[in-house]
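Please open the model in your viewer and keep the selection panel at hand.

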Amino acid sequence: MKMDHYTDRLLHLLDGTLEPDVEAQLRSEINQSVELQEELSRLQALRGLLQDSMKASSDSALRPFFTDRLMKQLEPEHLKQIEHDDIAFFLTKLFRPVAVAGFIVAMFFAVYNVNISGDFASETTTAEAILGLPPVNTLSVYDLDLFVEEDPTTPSSNP
Amino acid sequence: MFDILLNGYEPLNPILLNLSDSKVDADKEYVDRAKKGDRKAFRVLVDTYQQQVAMTVVSMLGPSAEVDDVVQETFIKCYQSLGRFRGDSSFLTYLKRIAINKSLDALRRRKRFLGRFLSRDDDNKQMQEPVYDSDFSYERNEQVNLVHTAIQELPPNHRAVIVLRMIEGYSTEETAEMLNLPYGTVLSRLSRAQKKLKDILTPLMS
């Protein structure tokens, strides 16, 4: 028996897409032929095996967030630009109060420093006054303890 | 007597059989909205069909890192050419046709790559990554790997016929139309491919 001619009809039988009269004729042929019964069985097993294996592989074939990644790629360029602008606007909005608060604190300290700088008798520059730095002049350098007295008990390196 | 064989046999084409009229109508509505630029509607279609497209691509390419890229290419191509979709076939059939073409492109790219970097003795099986799913037993993983290896043994054109006719469950006429092939060519490729698969997979089928 030339099985090639039957393969497609057997597949149609498995699909349930044969015309009723064709199906009835094929069923009677199958009933009379062990070879056809074996072929149908093999075909069914092969198809089941293929579909089962492909289904198992396809379940983990796509990486996570497939739809999100795809939709991102489909976004027009001008929409992506708008999104970037949105982020910049959000960051500006978020940091504006911090910047304003920082400026007010800095101004407060500057005014405070200028006010107390009048208490020092020594000469103070405007920058030192605003930054609250201690006054430094030639005389005040001598007040700094920069020189270390040598210990007389320690032997000198130069004889 | 042969009815025993068909007892308990569920038609192996859930994809096609699930396409009830209401489903087709819903698809049509989403497709129409997507054509008008409604991206949310297209997103629904992507969510609905990504697994089915992935199954087609995995069948063609075997399990590999390329699958995700090819499925993305399929949907991008679909989105770009949505205006040309007239609705003569179902949306899923339209997607599958694109997926098969994109997979064949990927196989050609793979062949060029192998020709450039590997010796002629190596074949494209080397691109296939073995399946290992911890949810399955060792035997099951081995079975899946063997089936993929058997399919990769087929020439790409024969593989496309097997995928559409045997795995996806499209009729021979639909397969011929989707691949732009004469009916007789599909039948002969189907017959030869089946014979080869049966030779390799007979131990698993018993």
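Select Lys28(B) and Asp32(B), which form a salt bridge (a side-chain nitrogen of Lys or Arg within 4 Å of a carboxyl oxygen of Asp or Glu) with the closest N and O atoms 3.3 Å apart. Because they lie 4 residues apart in helix H3 (residues 21–35) of chain B, Lys28(B) and Asp32(B) are separated by about one helical turn; helices here are DSSP runs of H or I with at least four residues, numbered from the N terminus. Over all chains, the structure holds 20 salt bridges.

This is a predicted model, in which local features need pLDDT of at least 70 and side-chain atom pairs count only at pLDDT 80 or more, while totals for chains, interfaces and linings use all residues. Residues are numbered from 1 along each chain as its sequence is written, chains are lettered from A and ligands numbered from 1 in the order in which they are written, and side-chain values use heavy atoms, with hydrogens and water left out.

Next, show chain A and chain B together and select the residues in contact (heavy atoms within 4.5 Å): 56 come from chain B and 46 from chain A. The area buried between the two chains (accessible area, 1.4 Å probe, lost on putting the parts together and summed over both) is about 4800 Å², with carbon and sulfur atoms giving 61%. Across this interface there are 7 salt bridges; for one of them, select Asp68(B) and Arg69(A), whose closest N and O atoms are 3.0 Å apart. Among the elements that give two or more residues to the side of chain B touching chain A are helix H5 (66–80) and helix H10 (183–205) of chain B.

Finally, which residues lie nearest the centre of the second largest pocket? Select Arg84(B), Phe85(B), Tyr94(B), Arg97(B) and Ile98(B), which hold that place among its 15 lining residues. A pocket is an open set of points on a 1 Å grid over the protein atoms alone where a 1.4 Å probe fits, with protein on both sides within 12 Å along at least five of seven lines, and lining residues have an atom within 4 Å of a point. Helix H6 (residues 91–117) of chain B gives the most to this lining, with 6 residues.
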